[in-house]
Amino acid sequence: MTAVLPDPVAPPPAYPGTSSLAEIEARQITAWFGERKVLDRVSLVMPAGGITALIGPSGCGKSTFLRILNRMHELVPSASLAGEVLLDGEDVYDPSRRLMDARRQIGMVFQKPNPFPAMSIQENVLAGLKLTGTKASKSERADLVESCLVKGGLWNEVKDRLDAPGGGLSGGQQQRLCIARSLAIKPRVLLMDEPCSALDPTSTRVIEETMLDLAREVTIVIVTHNMQQAARVSGQCAFFLASQGTPGVIVEHGDTTAMFGNPRDQRTADYVNGRFG
Ligand SMILES: Nc1ncnc2c1ncn2[C@@H]1O[C@H](COP(=O)(O)OP(=O)(O)OP(=O)(O)O)[C@@H](O)[C@H]1O
């Protein structure tokens, strides 16, 4: 599964009315940058409708693992991988599957809020439809702007200025705008790479509440360095570690309360209690 295959030409998808909850599973994922192996046979089931937190010290491969889930890893020219990613049992890397389809179903929110600054708030929400070539009527678009901003926890703050530029919002508001933008293409899984690391505690809390609401309709996988955040939002946790130059592996995973309260591995106990990393 190391080859990057061209995206076959296909007609634009119709606007998807509903998205159903999906489990995402990584099987035996090994990843390289050039000759350097950075993940070694990592397997993890991320349950439908749950929030899974990926934790571990810097450089252990959490972001790489996250980016493999929606085929962003292959954007790096030197990157390769082996293993499987299954979305409700279907291979995300199946050569007959369109790359854009995988990214539409598995959305991503990044560490630094990245709205299109000159686009209006509502254009930002709708931007993903253009990128994926998804057709939607005018009334569908208006409904979508409202429903995504409501779900993103931003509607009340921006409903009277939908034509104002996205770049004029605060950092926390911009991140919620990015969440709303991700939701507009009805992903079944939302990947979040340290979504609150650039935000103040109040904005962080608002995003966490938004995540807990969203988990009813989208499976969430979050990378976080904040143990309190992992404990507050996730039902399941996976602890990654790459000791002394070896590739990253999952040392322990399972129910978050159990992992924080009664970890099975001493290295997990040391990490969650702040003794290293
Ligand atoms: N584009 C790249 N090219 C080469 N090596 C990379 C690239 N991106 C990441 N790496 C390397 O892969 C390893 C895993 O990086 P990754 O960013 O996945 O770790 P992480 O656990 O998410 O770290 P952090 O918590 O600091 O974000 C690191 O050693 C990193 O230097």
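Modeller: What follows starts with the chain as a whole, then turns to the sheet, and ends with the surroundings.

The model is predicted: local features need pLDDT of at least 70, side-chain atom pairs count only at pLDDT 80 or more, and totals for chains, interfaces and linings use all residues. Residues are numbered from 1 along each chain as its sequence is written.

The chain has 10 helices and 10 strands; helices (H or I, at least four residues) and strands (E, at least two) are DSSP runs, numbered from the N terminus. Its radius of gyration is 19 Å, in agreement with the value near 19 Å for a compact globule of 277 residues. That radius is taken over C-alpha atoms, and the globule rule is 2.2 Å times the number of residues to the power 0.38. Along the principal axes, the C-alpha atoms fill a box of roughly 55 × 45 × 30 Å. Of the 277 residues, 42% are buried. A residue is buried if 20 or more other C-beta atoms lie within 10 Å of its own, exposed if 12 or fewer, and partly exposed in between, with C-beta atoms placed from the backbone.

The domain assignment, which is automatic or from a database, gives domain 1 (22-107 + 223-277) and domain 2 (115-186). Their centres, taken over C-alpha atoms, are 28 Å apart. The unreviewed UniProt entry carries the annotation "domain: ABC transporter" over residues 24-272; such annotations may be inferred rather than shown by experiment.

Now the sheet. Four strands form an open sheet in the order β2-β1-β4-β5, and the pairing is antiparallel. The edge strands are β2 (36-46) and β5 (90-91); each has a single partner strand, so one side of each is left without a neighbour in the sheet. Two strands count as paired if DSSP finds at least two bridges between them. Strands of a sheet pair through backbone hydrogen bonds, either parallel or antiparallel.

Strand β1 (residues 24-33) takes part in two of the pairings described here. With β4 (residues 79-87), β1 pairs in the antiparallel sense over eight bridges, and Trp32 stands opposite Ser80 in β4. Helix α1 (residues 62-69) packs on this sheet, touching β1, β2 and β4, and its direction makes about 120° with that of β1. Residues touch, or are in contact, if their C-beta atoms, placed from the backbone, lie within 7 Å. Such angles run from 0 to 180 degrees between N-to-C directions, with axes fitted to C-alpha atoms, for helices over the stretch in contact.

With β2, strand β1 pairs in the antiparallel sense over seven bridges, and Ala26 stands opposite Leu44 in β2. β1 and β2 form a hairpin with two residues between them, and Gly34 in the turn has a positive phi of about 60°.

Most residues other than glycine have a negative phi. Arg41, in strand β2, has a positive phi of about 45°. Arg41 is partly exposed, with 13 other C-beta atoms within 10 Å. Arg71, in the loop between α1 and β4, has a positive phi near 65°. Arg71 counts as buried, with 20 C-beta neighbours inside 10 Å.

Six strands form an open sheet in the order β6-β7-β8-β3-β9-β10, with mixed pairing. Its edges are β6 (106-109) and β10 (249-255), each with a single partner strand, so one side of each is left without a neighbour in the sheet. The twist averages 20° from one strand to the next. Within this sheet, β7 (residues 189-193) and β8 (residues 219-223) pair in the parallel sense over five bridges, with Val189 opposite Thr219 in β8.

The buried residues of helix α3 (residues 121-132), including Val125 and Leu126, pack against α4, α5 (155-158) and α6. Leu144 in α4 (residues 138-151) is buried, with 21 C-beta neighbours inside 10 Å. Beyond its neighbours within four places in sequence, Leu144 is in contact with Val125, Leu126, Ala136 and Ala184.

Key. Contact = placed C-beta atoms within 7 Å.
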